[in-house]
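Hi,

Here is the structure I promised to pass on, with the sequence alongside. Have a look when you get a moment, and my notes follow below.

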Amino acid sequence: MGAIRSIKTKRRSRDLDQIHADLRSPKHLAEHTDAKPAEDLPGLGRWYCVECAKWFESENSMEQHTRGKPHKRRLRALKEEPYSQKEADAAIGLRTDNGTRKPSKLTAIEEQAATLNLDMDSDG
């Protein structure tokens, strides 16, 4: 089983939220691309597809990649905004701002009944 895990982590690509951060901030992208020396990267680190977070050997292979189906699928997936923690909390019912609670109809009816009882007691 150890061999299977190493393969899965070896081929792991960047997540969509990380790529969204790369597209928004050139600083974030520079941190990722500068993490590895250029000598270790394919094509000496010249050709990089930001949307797919992949390095390419030549300009021709990058052009073929941009015309391909996996790249187009990734572009379609990147059109959606990534979920925020606030949306995730709201989905499971946790809210940071609950606002003021509205009284239920039952309590309003009970209050009316109590005022009617008080009015009847004061009359008698």
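What percentage of the 124 residues of the protein chain count as buried? The figure is 16%. Please keep in mind as you read on that this is a predicted model.

First, the overall layout. The protein chain has seven helices and two strands, and their order along the sequence is α-α-α-β-β-α-α-α-α. If you take the contacts between residues at least 6 apart in sequence, 36% of them join residues at least 24 apart.

Helix 2, residues 16-24, packs with helix 5, residues 69-78, at an angle of about 80°, and their axes are 11 Å apart. Since angles of 65 to 115 degrees count as roughly perpendicular, helix 2 is therefore roughly perpendicular to helix 5. On the helix 2 side, the residues that meet helix 5 are L16, I19, H20 and L23, and their partners in helix 5 are R74, A77 and L78. Sorted by class, this contact has five nonpolar residues, one polar and one charged.

Then there is the largest pocket, which holds about 230 Å³ of space. Ten residues line the largest pocket, and R12, S13, A53, K54 and W55 lie nearest its centre. The lining divides into five charged, three nonpolar and two polar residues.

A53 is not a glycine, yet it has a positive phi of about 55°. You will find A53 in the loop that runs between strand 1 (47-49) and strand 2 (54-56). Is A53 buried or exposed? A53 is buried, because its relative accessible area is 18% and the cut-off for buried is under 20%.

Finally, a word on S84. S84 is in the loop between helix 5 and helix 6 (85-91). With 33% relative accessibility, S84 counts as partly exposed. S84 and D17 are 67 residues apart along the chain, and their C-alpha atoms are separated by 9.4 Å.

I would be glad to hear what you make of it.

Best wishes

Methods
Residues numbered from 1 in each chain as written. Predicted model: local features only at pLDDT ≥ 70, side-chain atom pairs only at ≥ 80, totals over all residues. Heavy atoms only, no water. Axes fitted to C-alpha atoms, helices over the stretch in contact; angles between N-to-C directions. Helix = DSSP H or I, 4+ residues; strand = E, 2+ residues; numbered from the N terminus. Parallel < 35°, antiparallel > 145°, perpendicular 65-115°, else oblique. Contact = heavy atoms within 4.5 Å. Nonpolar A, V, L, I, M, F, W, Y, C, P; charged D, E, K, R; others polar. 1 Å grid on protein atoms, 1.4 Å probe; cavity = no way out; pocket = protein on both sides within 12 Å on 5 of 7 lines; lining within 4 Å. Points joined across faces, edges and corners; volume = space filled by probe spheres on them. Buried < 20%, exposed > 50% of the residue type's maximum accessible area, 1.4 Å probe, protein only.
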